[in-house]
Amino acid sequence: MHPVVRGAGALGLAAVLAAATAACESGSGTGAATSGPSTASTAPTAPAASTTSGLPPLPASLTGQQLGWQPCPAPSTAQGGDGSAPGAPWECATLKAPLDYGKPDGQTIDLALIRAVATGTGGQPRIGSLIYNFGGPGGSGVVTLPALAKDYADLNARYDLVSFDPRGVGNSATVRCLDDAATDASAAVDGTPDDQAETTALDAANTGYTAACEKNSGTVLPHVDTVSAARDLDLMRQVLGDAKLHYFGISYGTELGGVYAHQYPGNVGHLVMDGVVDPTKDPEQSALGQAKGFQLALENYMKACAAQAGPSCPTGQGGDDGTRRITDLLASLDSAPLPTDGPRVLTQDLAVTGIAAALYNQNSWNALSVGLQEAMQNRTGTTLLALADAYSGRDQQGHYSNQSAANRAISCADDRSRYSATDVQGLLPTFRQASPVFGDFTAWGLTSCNGWPVQGSADLPEVSAPGSAPIVVIGNTGDPATPYEGAGAMARQLGAGVGVQVTLQGQGHGGYDSGNACLKQAVDQYLLADRVPAEGTTCT
């Protein structure tokens with residue numbers, strides 16, 4: 001998804017603040033579980049031919065390949081992470097997939113995989129592999145799964161936990177655009193221009209970024225779309241030996257899961273969607289929804305800050321006054337960036353990115369308070385810059401992961417819409433009304449795909465999945481990046497008897513890792529015991 005957009009491109013969730021501890025409060029819920037059809041696959045079956053109409057079948061050299069699992073190395077720069085190998089029990093392997101599924105005997109690419117084998121704790125039989133995509137698009141699953149694995153430890157008893165770098169991401173046919181220095185320079189361009197000179201500079205930055213992507217990754221760019229990634233999932237399923245795909249998608253990973261279910265409804269086993277992308281909204285509508293979602297999350301933060309810190313809260317009592325304090329800060333940064341404890345400065349764009357990053361997880365609200373206090377009172381930007389860097393995949397040595405490049409490449413390969421500066425200028429009043437803090441940034445990010453060398457594949461993703469097994473769709477009422485309404489839209493689009501919505505009345509992006517006991521129980525019973533939650537189950 002595109003929660004905050006900048007001159008260098010829209011950035012999505014990719015292990016933002018992955019080390020944040022889970023919330024410890026438990027929850028209660030309403031709605032009883034109901035028995036559903038068993039979808040467990042305890043033994044491999046013969047590889048299935050592609051069920052996507054019009055595609056030639058995959059050769060046995062791909063469907064029958066053997067994965068050489070080995071201890072994982074330290075993540076590459078493109079993958080991000082902290083530079084250390086994850087250690088036991090993690091194993092890594094490389095899966096070969098067609099670059100172009102229309103030419104399955106042609107050029108192949110390597111997809112990076114990671115797994116932790118099912119532990120068998122309690123003597124329970126193994127169900128199969130549970131494949132994760134943590135979103136973005138652009139996040140490295142190879143890095144993110146070990147970082148968040150404690151949240152899924154109970155599932156590891158019966159599943160091999162598996163994740164991967166999708167095509168174009170991390171170590172999988174890496175999309176490469178600008179080098180580190182050029183990325184810093186591009187990020188310094190004002191992403192919310194106030195006059196024609198700044199608009200021209202932003203257009204030039206986007207053009208330069210696009211040209212670098214085409215020069216360095218032109219062969220890959222036409223093939224990093226979500227439909228191709230969904231086909232990779234089915235190849236993964238076959239090679240891992242599962243009769244059905246068991247899948248846990250978060251944020252953009254929900255769109256990938258929906259696209260998979262549409263293409264292969266008969267191959268769906270257990271499928272969970274958390275932090276759900278609305279498949280009925282085009283990029284403009286999605287960006288507007290995110291502006292509203294982040295504004296709502298900010299207002300919820302300000303209320304909590306006022307209740308906890310009183311007069312010392314940097315946003316005061318919140319509400320309009322709190323919003324004004326933040327917009328005043330951002331206005332000052334537009335002309336006078338703040339110093340930090342290093343050689344870089346905190347710009348307006350970086351400050352918005354840092355604020356948004358902290359709103360993904362309620363456990364990061366204290367860091368947001370520290371960052372705002374520093375900026376408003378001490379006139380320094382160190383903490384907000386650190387939050388922005390974590391969000392953007394920039395490490396302390398100044399190296400960037402490729403999540404931003406992959407995000408743009410995948411988004412532009414998927415979305416047919418192209419927005420010019422003139423288009424955005426007409427949208428600004430609506431976006432500013434939705435969010436005085438985030439409106440300009442989400443609106444201007446729509447220009448990221450203008451001039452992209454690959455035509456987008458569709459106006460909207462196709463996720464209808466008649467005949468699929470039940471799919472659990474989780475919506476969090478306080479989600480900033482994928483607003484709650486998207487879960488209902490996804491459930492409806494999947495189809496009657498397929499999409500089963502579960503609601504969390506909480507804060508942050510997604511729900512399963514929030515620490516809410518009610519929600520975790522509902523999902524675990526579905527994944528481990530084939531008990532589909534009752535439609536409308538609500539956890540508080």
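Predicted model: local features only at pLDDT ≥ 70, side-chain atom pairs only at ≥ 80, totals over all residues.
I started with Arg394, which counts as buried at 14% relative accessibility (buried is under 20% relative accessible area, exposed over 50%, partly exposed in between, with a 1.4 Å probe and protein chains only). Residues are numbered from 1 along each chain as its sequence is written, and side-chain values use heavy atoms, with hydrogens and water left out.

Where does Arg394 sit? I found Arg394 in the loop between helix H11 (382-392) and helix H12 (403-414). Helices (H or I, at least four residues) and strands (E, at least two) are DSSP runs, numbered from the N terminus. The Arg394 side chain makes a polar contact of 3.0 Å with the side chain of Asp184. A polar contact is a pair of N or O atoms within 3.5 Å; within protein, one must be able to donate a hydrogen and the other to accept it, and residues adjacent in sequence count only if both atoms are side-chain atoms. Leaving aside neighbours within four places in sequence, I listed Asp184, Arg344, Asp389, His399 and Tyr400 in contact with Arg394 (heavy atoms within 4.5 Å).

Next I looked up Thr174, in the loop between strand S9 (159-164) and helix H3 (180-187). Thr174 is buried too, with a relative accessible area of 15%. Its side chain reaches the backbone oxygen of Gly170 at 2.5 Å. Beyond four places in sequence, Thr174 touches Ala78, Gly168, Ser217 and Asn402.

Then helix packing. H7 (residues 283-309) packs on H8 (residues 319-335) at about 110°, axes 10 Å apart. Axes are lines fitted to C-alpha atoms, for helices over the stretch in contact, and angles run from 0 to 180 degrees between N-to-C directions. That makes H7 roughly perpendicular to H8 (under 35 degrees is roughly parallel, over 145 roughly antiparallel, 65 to 115 roughly perpendicular, the rest oblique). Gln295, Leu298 and Met302 of H7 meet Gly319, Gly322, Thr323 and Ile326 of H8. I get 3 nonpolar, 4 polar and no charged residues there. Ala, Val, Leu, Ile, Met, Phe, Trp, Tyr, Cys and Pro count as nonpolar, Asp, Glu, Lys and Arg as charged, and the others, Gly among them, as polar.

H8 also crosses H9 (residues 348-359) at roughly 145°, with the axes coming within 8 Å. On the H8 side I noted Ile326, Leu330, Ala331, Leu333 and Asp334, against Gln348, Ala351, Val352 and Ile355 in H9. This contact divides into 7 nonpolar, 1 polar and 1 charged.

I checked the backbone as well. Ala88 to Pro89 is a cis peptide bond with omega near 5°, and Gly136 to Pro137 is cis with omega about -5°. Arg379 is not a glycine but has a positive phi of about 60°; Arg379 is partly exposed at 36% relative accessible area. Asp530 has a positive phi near 60° and is buried at 18%.

Last, the whole chain: 16 helices and 17 strands. Its radius of gyration is 22 Å, close to the 24 Å that the globule rule gives for 540 residues, so the chain is as compact as a globular protein of that length. The radius is taken over C-alpha atoms, and the rule is 2.2 Å times the number of residues to the power 0.38. Buried residues make up 59% of the 540.
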